[in-house]
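The following report is intended for a reader new to this structure. The sequence and the model are shown first, and the description follows.

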Amino acid sequence: MGIRFLRTVYEFCTGRRGIPIAQFCKDFNERTKDIKEGIPLPTRIIVQANRTYELQINKPTTTYFLLSAAGIEKGATKPGHEIAGMVTLKHLYEIALVKSQDPAFVLNDTPLELVIKSLMGTARSLGIKVVKDLNAEEYAVFLKEREERLAAEAEAKEAELVAAGKKK
């Protein structure tokens, strides 16, 4: 985690409340030491009136899990009209096992089936297609073709901007 981000979190959440930054950083680093750098972790800091705090670090976001499982960095720019990637039902099941431990699902006693349906909705909104089976070679070809198509679209958009700039 970058120092700038941690400093921003500290200033926003704790600095005005008088919590020592050294202790906060030590606690945060201890709680996140086993987590790979760069993984987004929804975190809640509850500061009490007596200047103590509770640090709640949740599981990574659903979007992070789905994009990782699909092997892509971004979702579709036009969900419903383009497919950005694919995941299998097995992927959804594995993600659901982890996400079902999130406080939102635990508090509501959400069954695994509903967690999976929620994941399917998020996948749909990211342009990720859920399939029964996925052949690794075919999927690699799909991802390569998508990357080439996105590069061509970016070039066309850039050329369009250059042409619009010359008309002025």
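Asp-109 counts as exposed, because its relative accessibility is 66% and exposed means over 50% relative accessible area, buried under 20% and partly exposed in between, with a 1.4 Å probe and protein chains only. Asp-109 lies in the loop between helix H5 (103-107) and helix H6 (112-126). Its phi is near 50°, a positive value in a residue other than glycine.

The model is predicted: local features need pLDDT of at least 70, side-chain atom pairs count only at pLDDT 80 or more, and totals for chains, interfaces and linings use all residues. Residues are numbered from 1 along each chain as its sequence is written, and side-chain values use heavy atoms, with hydrogens and water left out.

The protein has 7 helices and 4 strands; these are DSSP runs numbered from the N terminus, helices being H or I with at least four residues and strands E with at least two. From the N terminus on, their order is α-α-β-β-α-β-α-α-α-β-α. Of the 168 residues, 26% count as buried.

Two of the helices form a packed pair. The axes of H3 (residues 62-70) and H4 come within 11 Å and cross at roughly 155°; the axes are lines fitted to C-alpha atoms over the stretch in contact, and angles run from 0 to 180 degrees between N-to-C directions. H3 and H4 are therefore roughly antiparallel to each other, a term for angles over 145 degrees. The residues that make the contact (heavy atoms within 4.5 Å) are listed below.

| Helix | Residues in the H3–H4 contact |
|---|---|
| H3 | Thr-62, Phe-65, Leu-66 and Ala-69 |
| H4 | His-91, Leu-92, Ile-95, Val-98 and Lys-99 |

These residues divide into 6 nonpolar, 2 polar and 1 charged; Ala, Val, Leu, Ile, Met, Phe, Trp, Tyr, Cys and Pro count as nonpolar, Asp, Glu, Lys and Arg as charged, and the others, Gly among them, as polar. In H3, Thr-62, Phe-65, Leu-66, Leu-67 and Ala-70 are buried. Gly-71 follows H3 and has a positive phi, near 75°.

Lys-99 belongs to helix H4 (residues 89-99). With a relative accessible area of 4%, Lys-99 is buried. The side chain of Lys-99 reaches the backbone oxygen of Pro-60 at 2.9 Å. Leaving aside neighbours within four places in sequence, Lys-99 is in contact with Lys-59, Pro-60, Thr-61, Thr-62, Phe-65, Phe-105 and Val-115.

Conventions: A polar contact is a pair of N or O atoms within 3.5 Å; within protein, one must be able to donate a hydrogen and the other to accept it, and residues adjacent in sequence count only if both atoms are side-chain atoms. Angles under 35 degrees count as roughly parallel, over 145 as roughly antiparallel, 65 to 115 as roughly perpendicular and the rest as oblique.
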